[in-house]
Amino acid sequence: MQSTRSGATGGDESERTTSSARLLAWVDQVAALTQPDSIVWCDGSLAEHDGLTRQLVAEGKLIRLNPEWRPNSFLARTDPRDVARVEDRTFICSTDPDDAGPTNNWSEPAAMRAELDRVFEGSMRGRTMYVVPFSMGPLGGSISQLGVQLTDSAYVVVSMQAMTRMGRAALELIEAGAEWVPAVHSVGMPLLEHDGARTDDVVWPCNDTKYIVHFPETREIFSYGSGYGGNSLLAKKAFALRIASVMARDEGWLAEHMLLIRITSPEGNAYHVAAAFPSACGKTNLAMMRPTLPGWHVETIGDDIAWLRPGPDGRLWAINPENGFFGVAPGTGITTNPTAVETLWGNTIFTNVALRDDGDVWWEGLTDTPPAHLIDWRGEDWTPESGRPAAHPNSRFTVAAAQCPQIADDWDAPEGVPLDAIVFGGRRATNVPLVTQAASWAQGVFMGATIASEQTAAAEGPVGELRRDPFAMLPFCGYNMADYWSHWLKMGEKLGANAPAMFRVNWFRKDEDGSYLWPGFGENSRVLAWMVARLEGTADAMSTPVGQVPVDGALETDGLEMSEHQLDALFAVDPESWLAECDLTEEYFEQFGARVPAALHAELASLRYHLTH
Ligand code: TSX
Ligand code: MN
């Protein structure tokens, strides 16, 4: 299959190929296997976006929203069996299973390659294969990386336009000789049978068999059977976290599941903070937070992924490698996250949210009162009496980051921003104080390695059960989690005195009655302000066995209606329950055997000592 054209529909139909021999050979090889009808080289232009969205609307795969309320915006409804990432179908295919580790699914590389050859054979018959070159991070930036995704989904192409720097400029860097990561994606529903009979397409093609496969040693990605963004936008979790974490281990940097913000004090001092939280902790809300403390400002740089690399000055520099937000819609509302709501004014692809009668969208939590009638995410009539959610709990918005009203001016600076603090968080009703500072890098790594969250939805396991999610990287680390901890420790040694400060936060502590002790949201600026004061050396901290907490009066609580008792409860450290947690941590570490770095065993021993002395 040599015939290639650029411009998806209606645009420039001229032949297009590439001077990159490796790219051309790979495209030909994948086309020979998957047998698409045609190949389109994507250029990332507005015309291409227009042509593809028009085509998707004509095919019934996107619904154009009322442009009066939501210009150039669309709704996609997935197959109900294709609504989330498939962790049990996600594989790390290293040569040695111990390099994938006990928290990843492993499959022997040659056997997996044979299986992929089997499922991808003819998988694009009757469809178009799009060649999607992209940059993660600003084009040509010192921390950026390139990739190319092949996909038979036009929905993926238009989503990649929002989520990455996609198109001609990325291809030109590849043609100039830059390294790039190949990623192959098929929804797994060919439109031509082997006997040549044509089958009708469906609104959301996918396959019951799914594979999300990574070869960390050769830095390759394959995704089969799903069109859902978390499985199909391979630049994001598959590349920017799983493959990039391996590249980072080998090259001395960090690929992290972290938001990235700049916080500026009333005096005008600016600091950069990266923060890792498990899902359902409001990461995007913190990334777009509006401080309640007068004179403080937060600017958004990223809401999901940060790449951190030591710079020429010896400090840690950070970029958001993404170009957009692929955020959970439910719970994103005018009170919880007005900035996100404003970001979504137009040019947004919504997936599995509800459709209003006036052609706009709605989801649980957008407004306090639901509309009287909706079409739900499955396309069925819905009223507030229906007794089921109108939007799928994992419904999403896909939008360019540049549309965020508080995006930092220099959010796409090629060299990134110098990092001042790293924050770890989790959803904990008990035990974990509102904020603690690590006294050392090793204690900070221990805090990251022991992140846990209580489950909020029955789908994730027993509600209230502690789910461990070290560095919020459990499903995203492309190698052995214990080796990843060692890599973090090594990075700390390298950074020395230039290392960012480390903190742990918990917005979710509850009192005996089950009420949240901390107001959260914009009031979290009080916690950030204490961190800044620690960086500036103007606030004191008090040692506890679990880290350093603010001394009395150091955390600004003026204007909060909090009693002394509530404040004490927010910071209480109960040795007995912490010792029980230490036992769980020891058990958790045991599964990694001898690969657990000695420094983490030492941190655990030190914690137990301080809890009992
Ligand atoms: O995102 C959240 N943040 C971070 C905001 C910057 N959420 C939502 C989590 C679900 C995705 C929070 N929920 C936060 C928080 O800080 N805190 C809480 C818990 C909470 C919920 C409601 C209230 C107080 C705390 N108060 C009232 O509803 C009035
Ligand atoms: Mn995420």
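Visitor: Where is Q406 found, and why is Q406 counted as buried?

Guide: In this predicted model, Q406 is found in the loop between β25 (396–400) and β26 (417–418). Its relative accessibility is 12%. Buried means under 20%, so Q406 at 12% counts as buried.

Visitor: What makes the pair of Q406 and M288 a polar contact?

Guide: A polar atom of the Q406 side chain lies 3.3 Å from the backbone oxygen of M288. The cut-off for a polar contact is 3.5 Å, and 3.3 Å is within that cut-off. Leaving aside neighbours within four places in sequence, the residues in contact with Q406 are M288, M289, R290, V298, E299, T300 and T339.

Visitor: How do you know that the buried residues of α6 line one face of the helix?

Guide: Helix α6 covers residues 168–175, and its buried residues are A170, L171 and I174. Seen down the axis of α6, these buried residues fall within an arc of 100°, so they line one face. In general, an α-helix has 3.6 residues a turn, so residues three or four places apart point the same way.

Visitor: What do the buried residues of α6 pack against?

Guide: They pack against α1 (21–34) and against the strands β2 (38–41), β7 (128–136), β8 (145–151), β9 (165–166) and β10 (180–186). Just after α6, G177 takes a positive phi of about 110°.

Visitor: Which residues of α14 are buried, and what covers them?

Guide: In helix α14 (residues 564–571) the buried residues are A569, L570 and F571. Their cover includes β28 (435–437) and β33 (547–550).

Visitor: Why is A280 called partly exposed?

Guide: The relative accessible area of A280 is 41%. Exposed would need over 50% and buried under 20%, so A280 at 41% is partly exposed. A280 also has a positive phi, about 65°, although it is not a glycine. Its place is the loop between β15 (270–276) and α9 (283–287).

Visitor: What makes P216 buried?

Guide: P216 has a relative accessible area of 8%. The limit is under 20%, so P216 is buried. P216 lies in the loop between β11 (211–215) and β12 (220–224). Apart from neighbours within four places in sequence, P216 is in contact with I92, C93, S94, I243, V246 and G478.

Visitor: How far apart are P216 and P384?

Guide: C-alpha to C-alpha, P216 and P384 are 47 Å apart in space, and they are 168 residues apart in sequence.

Visitor: Which residues come nearest to ligand 1?

Guide: Of the 14 residues around ligand 1, the nearest are G282, N285, G520, F521 and N524. The shell divides into nine nonpolar, four polar and one charged.

Visitor: What makes the pairs of N285, F521 and N524 with ligand 1 polar contacts?

Guide: A polar side-chain atom of N285 lies 2.8 Å from an oxygen atom of ligand 1. For N524, a polar side-chain atom lies 2.9 Å from a ligand oxygen. F521 uses a backbone N or O atom, at 3.0 Å from an oxygen of ligand 1. Each pair is within the 3.5 Å cut-off. The protein covers 65% of the 640 Å² of accessible area that ligand 1 has on its own.

Technical notes:
Residues are numbered from 1 along each chain as its sequence is written. Chains are lettered from A and ligands numbered from 1 in the order in which they are written. This is a predicted model: local features need pLDDT of at least 70, side-chain atom pairs count only at pLDDT 80 or more; totals for chains, interfaces and linings use all residues. Side-chain values use heavy atoms; hydrogens and water are left out. A residue is near a molecule or strand if one of its heavy atoms lies within 4 Å of it. A polar contact is a pair of N or O atoms within 3.5 Å; within protein, one must be able to donate a hydrogen and the other to accept it, and residues adjacent in sequence count only if both atoms are side-chain atoms. Accessible areas come from the Shrake-Rupley method with a 1.4 Å probe; for residues, only the protein chains shown count as cover. Ala, Val, Leu, Ile, Met, Phe, Trp, Tyr, Cys and Pro count as nonpolar, Asp, Glu, Lys and Arg as charged, and the others, Gly among them, as polar. Buried means under 20% relative accessible area, exposed over 50%, partly exposed in between (1.4 Å probe, protein chains only). Helices (H or I, at least four residues) and strands (E, at least two) are DSSP runs, numbered from the N terminus. The arc is that of the directions from the helix axis to the C-beta atoms. Contact means heavy atoms within 4.5 Å.
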